[in-house]
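I am opening a notebook on this structure and will write down what I look up, entry by entry.

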Amino acid sequence: MPSKELFSGTEPLQLEIKDTLTQSRARTLQLFEGVSEETFRLQANSDFSPVGWHLGHIGFTEGLWLLEHEAGYAPLFPEYRRLFAADGLPKAERQNLPSFAEICAYLEQIRNQVWDYLLEAPLDTRAWLWHWLVQHESQHCETITWVLQLHRRQSQPVSFVAKEKPWPAALVSTSKEKPTLPDHQDMVPIEGGQFLLGNDGLEALDNERKAHWVQVDSFWIDRFPVTQGQYQQFIEAGGYRQSQFWSDEGWQWLQENPVNHPTHWLAEGGADHPVCGVSWYEADAYARFVGKRLPTEAEWEKAACWQPRPQDPPTKRIYPWGNQTPDNHHCNHGGLHWGTTPVHQYANGQSAFGCFDLLGNVWEWTNTWFHPFPDFDPYPYKGYSMVYFDHQHRILKGGSWATQAPVLRGAFRNWYEPRIRIHFAGFRCAYG
Ligand code: AVJ
Ligand code: FE
């Protein structure tokens, strides 16, 4: 906590915001410990910017929305706009960066003005913007973590030897009918009915609003995310070489991107860890392989947040375990273990239906395209969510081991193109 004397005259909410922003920045800078100037500006993958760009963009975004748009201050370092604005330079041209020390100094100057503005900011009506900024920084921190992991992968490739076995003919389904569910053991049934999808809280991002009732028919959902051990059976059965498990688009993607295992893979002791670093196409193919399917967004959120009994009427919780802020007893998040954990490790994080690991560990692909909820109202800018309502992005839920607490909640919606596979994404399957 900052010293109270420094802020005599401020309201508690201002102190809380200051504290939250300060903690968030400390976590951000921690990610850069031991990162060389070379790695700082190197683009590891054409879909993602160098980590140094993300750091500058975090500061730029804070200055743009709080200082320029809200406070009406003149921009600090106008020459950084083109470099650090999301709609500035193409990703491939973001490698010509100031040094780490220069970007840190830039961030600090912005912060100093932010502290001035905080004393006069209209928090009664605009608190949501401060929530948005903290979540913006958190999300970029996760991307920074992906890119850093990718740099590490490139210097130490995953040692993965696929031991393909003869193709088990029994698994090839020629019938057009739904196959019978092979194994109910690790699935939980969820009774159909109305469910309140979305989130109207102060922290809700534009795409989470408005909360609205949807009908969700009865279905089954995996108690755990799909593990490496389970996924290995798909690999060993030649799943990556058998077109019958893939959607047409997925098979096409695979021909152009001939991969044969997830991006991240724990070679030793990883059987109970979730699959991490698969595209939507791979998740979808595995689900077909076991005679299941990916859950819809509403099914996933219902499994995570619905409290059917003994509550009457049923209630929606913010987190699978209730409304208590996430801590290290609930789930693997915030880089605590710097990697995945076994899917059964966090019994305290179970949902009312007994599902594990819905938050943290790995993001989970759903079958739903990113789309607006009723009465969608874009903020703070149209480009935040709206430009992605294009039927090219699938919704991911739940957060990963790298996701920070401010963006960890059942209603949070993430989205990526189905081909993206370098992030910490896994999945669980549904049936029915
Ligand atoms: C919601 C994680 C896909 O990082 O591209 C950050 C979040 N938007 N700055 C992204 C975001 C603007 C976004 N994702
Ligand atoms: Fe951003």
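Donors here are N, O and S atoms within 2.8 Å of the metal (3.2 Å for Na, K and Ca), and water is not among the atoms, so sites may look incomplete.

I also note that this is a predicted model, in which local features need pLDDT of at least 70, side-chain atom pairs count only at pLDDT 80 or more, and totals for chains, interfaces and linings use all residues. Residues are numbered from 1 along each chain as its sequence is written, chains are lettered from A and ligands numbered from 1 in the order in which they are written, and side-chain values use heavy atoms, with hydrogens and water left out.

**Iron site.** I looked up the iron ion (ligand 2) and found its site irregular, with angles of 90 to 169° among its 4 donor atoms. Its protein donors are His57 (NE2), His136 (NE2) and His140 (NE2), at 2.1 to 2.2 Å, and the donors follow the spacing H-x78-H-x3-H along the chain. Because His57 lies in helix H3 (residues 51–71) and His136 in helix H6 (residues 123–155), the pair ties together parts that are 79 residues apart in sequence; helices are DSSP runs (H or I, at least four residues), numbered from the N terminus.

**Burial.** I checked His57 and found it buried at a relative accessible area of 5%, where buried means under 20% relative accessible area (1.4 Å probe, protein chains only). His136 is also buried, at 6% relative accessibility. In helix H10 (residues 297–305), 9 of the 9 residues are buried, so this helix is largely enclosed by the rest of the structure.

**A loop residue.** I found Ser279 in the loop between helix H8 (248–256) and helix H9 (280–289), buried with a relative accessible area of 0%. Beyond its neighbours within four places in sequence, Ser279 is in contact (heavy atoms within 4.5 Å) with residues including Trp253, Trp365 and Pro418.

**Helix packing.** I looked at helix H1 (residues 12–30) and H3, which pack at about 160° with axes 11 Å apart; Arg25, Thr28 and Leu29 in H1 meet Leu55, Ile58 and Glu62 in H3. Axes are lines fitted to C-alpha atoms, for helices over the stretch in contact, and angles run from 0 to 180 degrees between N-to-C directions. H1 and H3 are therefore roughly antiparallel, a term for angles over 145 degrees.

Technical notes. Four donors count as tetrahedral if all angles lie between 85 and 135 degrees; four count as square planar and six as octahedral if opposite donors are over 155 degrees apart and all others between 65 and 115; anything else is irregular. Helices (H or I, at least four residues) and strands (E, at least two) are DSSP runs, numbered from the N terminus. Buried means under 20% relative accessible area, exposed over 50%, partly exposed in between (1.4 Å probe, protein chains only). Angles under 35 degrees count as roughly parallel, over 145 as roughly antiparallel, 65 to 115 as roughly perpendicular and the rest as oblique.
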